[in-house]
Amino acid sequence: MPAEPTLRRKIIHIDMDAFFASVEQRDNPWLRGRPVAVGGSRERGVVAAASYEARKFGVHSAMPSVIAKRKCPDLIFVKPRFDVYKEISHQMRAIFAEYTPIIEPLSLDEAYLDVTENLKGMSSATRIAEEIRARIRAETNLTASAGVSYNKFLAKLASDHRKPDGLFVITPKMGPAFVEILPVRKFHGVGPATAAKMMSLGIETGLDLKACPLAFLQEQFRKSGPYYYWITRGIDERPVRADRIRKSVGAENIFAADLFTFDAARDALQPILDKVWRYCDSAGSRGRTVTLKVKYADFQQITRSRSAASPFATRAELERQSFELLAHLFPVAKGVRLLGVSLSSLDEERTNEKPQLSLGL
Ligand SMILES: [Mg+2]
């Protein structure tokens, strides 16, 4: 059973406010104060982010654009500019890194920070969170909300509590009570399907969930059972995982017409290799195992892998290994309808520093 150590950690969750939409309003004054949705306005478009003005009408991210427009007829659709968002994300990361190396990004605009021990030697996580918020505002002209607590689960709840442009601290004393009054659908890790299942079991709030025995939760929710059991008691031992990265990265294409020659297949592989390598560059990661996937016209699928002693340093190296794998498969008896390349054994360096005892959030 988790004992004290969990209460000694100092975790901050930082989350930008209506990120994509706020960036668009920052860069285009005309959009300020107006309901803005970032995303495609067309028939099958989806809202990627909604400004607070749009949210008042019930528009939210992941909502089909058609529905969003119905809810808010004056809604202004703006195309996303991911390079701008990524740039800001890097700026944020640089600010975080001045305080701690233990940063776990959840998305472009969200991250957990473990500041139990930090590079500035500050004892107050709340002060660190305030400083980070001020720095983000000064350097990006955007607002972020922060949650401070002794574990990830509560820190994330806290950052949501005073949004936008807010900061909230959940102390060990407040933790369990804070979770009790919360509707379960607001729990991080409880998706719509799980929330519906909990509803059907009569579980609506944290308190309802807390009343369930561990064995019952395990039976109903399998592996997630113990997680639910502990978080309703304000206990979450998951560490902040620095530089958490994907285990593999891959891309594939299905072709309009089947391919029969090595030359055609090799050409078709180029954009796939580009895509894989672009990810490696943007994430700064390198892999040493390449896997080629081939699906034939009759839907038979095969994969061929090869591991190098050290990670591929250049795209050319990855290309050469992929082509060699491909060459072995030719000539083919049947057409190739899909090709894919994935790169695995990605570098997984992480810092696992032992937090020290220190008090006060
Ligand atoms: Mg956000």
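Colleague: Which residue lies over the face of tyrosine 296, and at what distance from the ring centre?

Modeller: This is a predicted model, so the placement is a computed one. For a charge to count as sitting over a ring, NZ of Lys or CZ of Arg has to be within 6 Å of the ring centre. A second case of this kind is arginine 55, which lies over the face of tyrosine 52 at 4.5 Å from the ring centre. Over the face of tyrosine 296 the residue is lysine 334, and its distance from the ring centre is 5.2 Å.

Colleague: Are the planes of phenylalanine 82 and tyrosine 85 stacked or edge-to-face?

Modeller: The count of aromatic pairs comes to 12. In the pair of phenylalanine 82 and tyrosine 85 the ring centres are 5.7 Å apart and the planes stand at 80°. Since planes over 60 degrees apart count as edge-to-face, the pair of phenylalanine 82 and tyrosine 85 is edge-to-face.

Colleague: In which helix do phenylalanine 82 and tyrosine 85 both lie, and is tyrosine 85 buried or exposed?

Modeller: Residues three or four places apart in an α-helix point the same way, because such a helix has 3.6 residues a turn. Phenylalanine 82 and tyrosine 85 are three residues apart, about one turn, in helix α5 (residues 82-97). Phenylalanine 82 has a relative accessible area of 42% and is therefore partly exposed, whereas tyrosine 85, at 0% relative accessibility, is buried.

Colleague: What geometry do phenylalanine 221 and tyrosine 228 have as an aromatic pair, and which residues do ring pairs link into a cluster?

Modeller: The rings of phenylalanine 221 and tyrosine 228 are 5.4 Å apart, centre to centre, with 85° between the planes, and the pair is edge-to-face. Phenylalanine 221 and tyrosine 228 are both buried. The cluster linked by ring pairs consists of Phe153, Phe187, Phe221, Tyr227 and Tyr228.

Colleague: Where does UniProt place the feature "active site", and with which side chain does the side chain of glutamate 110 make a polar contact?

Modeller: The UniProt entry, which is unreviewed, places the "active site" at Glu110, a residue that lies in strand β6 (residues 110-114). Glutamate 110 counts as buried because its relative accessibility is 15%, and, with residues up to four places away in sequence left out, it touches His13, Ile14, Asp15, Glu104, Pro105 and Lys156. The polar contact from the side chain of glutamate 110, at 3.0 Å, is with the side chain of histidine 13.

Colleague: Which residue has its backbone nitrogen 2.6 Å from a polar atom of the side chain of glutamate 104?

Modeller: Glutamate 104 lies in strand β5 (residues 103-107), and it counts as buried because its relative accessible area is 1%. The backbone nitrogen that lies 2.6 Å from a polar atom of the glutamate 104 side chain belongs to arginine 241.

Colleague: How many of the nine residues of helix α2 are buried?

Modeller: Helix α2 (residues 19-27) is mostly covered, and its buried residues are Phe19, Phe20, Ala21, Ser22, Val23, Glu24 and Gln25. These buried residues pack against β1 (11-16), β2 (36-39), β3 (47-50), α3 (52-55), β4 (76-78) and α5. Of the nine residues of α2, the number buried is seven.

Colleague: What is phi of alanine 18?

Modeller: Most residues other than glycine have a negative phi. Alanine 18 lies in the loop between β1 and α2 and, at 6% relative accessibility, is buried. Its phi is positive although the residue is not a glycine, with a value near 45°.

Colleague: What is omega of the peptide bond that joins lysine 163 and proline 164?

Modeller: Most peptide bonds are trans. Proline 164 is placed in the loop between α7 (152-161) and β8 (167-169), where aspartate 165 is also found, and aspartate 165 has a positive phi of about 55°. The bond between lysine 163 and proline 164 is cis, and its omega is about -10°.

Colleague: How far apart do the C-alpha centres of domain 1 and domain 3 lie?

Modeller: The domain assignment gives domain 1 as 11-16 + 86-231, domain 2 as 19-83 and domain 3 as 248-344. The C-alpha trace of the protein spans about 70 × 50 × 45 Å along its principal axes. Between the C-alpha centres of domain 1 and domain 3 the distance is 39 Å.

Key. Residues are numbered from 1 along each chain as its sequence is written. Side-chain values use heavy atoms; hydrogens and water are left out. UniProt positions are given in the numbering used here, feature names are shortened, and annotations may be inferred rather than shown by experiment. Helices (H or I, at least four residues) and strands (E, at least two) are DSSP runs, numbered from the N terminus. Buried means under 20% relative accessible area, exposed over 50%, partly exposed in between (1.4 Å probe, protein chains only). Contact means heavy atoms within 4.5 Å. A polar contact is a pair of N or O atoms within 3.5 Å; within protein, one must be able to donate a hydrogen and the other to accept it, and residues adjacent in sequence count only if both atoms are side-chain atoms. Rings of Phe, Tyr and Trp (its six-membered ring) pair if their centres lie within 6.5 Å; planes under 30 degrees apart count as stacked, over 60 as edge-to-face and the rest as tilted. A charge sits over a ring if NZ of Lys or CZ of Arg is within 6 Å of the ring centre and within 35 degrees of the ring normal. Domain bounds come from an automatic or database domain assignment.
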